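Hi there,

Here is the structure I promised to pass on. Have a look through it first, and then read my notes below.

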Amino acid sequence: MIDHLEYNSEREHLIIPEYGRHLQKMINYAKTRETKEERNKLAHAIISVMGNIQPHLRDVPDFQHKLWDQLFIMSDFDLDVDSPYGIPDKEILNERPERLPYPQNFPKYRFYGNNIKTMIDVANTWEEGELKEALIFTIANHMKKCFLNWNKDTVEDDVIFEHLRELSGGKINLLNADEDLTDATSLMRTKSKYSSKSSSNKKSHQKKSNTNRSRKRY
């Protein structure tokens, strides 16, 4: 007859659950040993077990250093043993990471995206010439495609040229350019091509399924 059942909710919290409760108990036992010689012996044995439990860490540079750091973390930095790598600093480990500098710009024409604005800024730094002109028209064509993806309609080139002039701070002006942008049909052709191909494959699959269902079963 079982007198008492021990539930996980009643057990102590596992600091690194991947190693399991038995290893945590081994570390807790090592902390209770009186002599440092015995604690060192147990610590090296525990490190060997940890290496066997996590074999994928063997491909990580400085494999042993990582295991020793994890040993001290699981002991709550309360295991007095001689580590070949030193004891990690608990305060540094518990420090919160610095806030990431996420871009907080809110462009007027969001459908173009931040990358278009970055490309325009780069184009502004280029010297005048054929390369810069080619880059500008590439940007303008991509802007037109972005606009069509968002608007699902036609758009005049002058609208794109005006947006480009505005986003470039007036430095890029194609309103009087002789060259036209790629027509909307060509820009959206790739998307239509893959859409129709997917639709065709779906219809073919349905037709095949219906044919298989209609066969006689003997």
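What follows is a short tour of the fold, its helix pairs and its nonpolar cores.

Please keep in mind that this is a predicted model. Of its 218 residues, 27% count as buried. Among contacts with a separation of 6 or more, 49% link residues 24 or more positions apart.

Let me start with helix 1 (residues 20–32) and helix 2 (residues 36–53). Their axes come within 10 Å and cross at roughly 165°. Angles over 145 degrees count as roughly antiparallel, so helix 1 is roughly antiparallel to helix 2. The crossing of helix 1 and helix 2 is left-handed. On the helix 1 side, the contact uses Leu23, Met26, Ile27, Tyr29 and Ala30. Helix 2 brings Glu38, Arg39, Leu42, Ile46, Val49, Met50 and Ile53. Sorted by class, this contact of helix 1 with helix 2 holds 10 nonpolar, no polar and two charged residues.

The other pair to look at is helix 6 (residues 130–151) with helix 7 (residues 157–167), whose axes come within 10 Å and cross at roughly 115°. That angle makes helix 6 roughly perpendicular to helix 7. The crossing of helix 6 and helix 7 is right-handed. Here Ile136, Ile139, Ala140, Met143, Lys144 and Phe147 in helix 6 meet Asp157, Ile160, His163, Leu164 and Leu167 in helix 7. The residues in this contact of helix 6 with helix 7 are eight nonpolar, one polar and two charged.

Which residues have the most contacts inside the largest nonpolar core? They are Tyr112, Ile120, Ile139, Met143, Ile160, Leu164 and Leu174, in a core of 24 residues. Helix 5 (114–125), helix 6 and helix 7 are the elements that give two or more residues to this core. Helix 6 provides the largest share of it, nine residues. Apart from this core lies another, of 18 residues, which includes Leu23, Leu67, Trp68 and Phe72.

Leaving aside residues up to four places away in sequence, Ile139 touches Ile116, Met119, Ile120, Ala123 and Leu164.

Methods
Residues numbered from 1 in each chain as written. Predicted model: local features only at pLDDT ≥ 70, side-chain atom pairs only at ≥ 80, totals over all residues. Heavy atoms only, no water. Axes fitted to C-alpha atoms, helices over the stretch in contact; angles between N-to-C directions. Helix = DSSP H or I, 4+ residues; strand = E, 2+ residues; numbered from the N terminus. Parallel < 35°, antiparallel > 145°, perpendicular 65-115°, else oblique. Left-handed = near helix turned anticlockwise from the far one by under 90°. Contact = heavy atoms within 4.5 Å. Nonpolar A, V, L, I, M, F, W, Y, C, P; charged D, E, K, R; others polar. Core = buried A, V, L, I, M, F, W, Y, C linked by side-chain atoms within 4.5 Å. Buried < 20%, exposed > 50% of the residue type's maximum accessible area, 1.4 Å probe, protein only.
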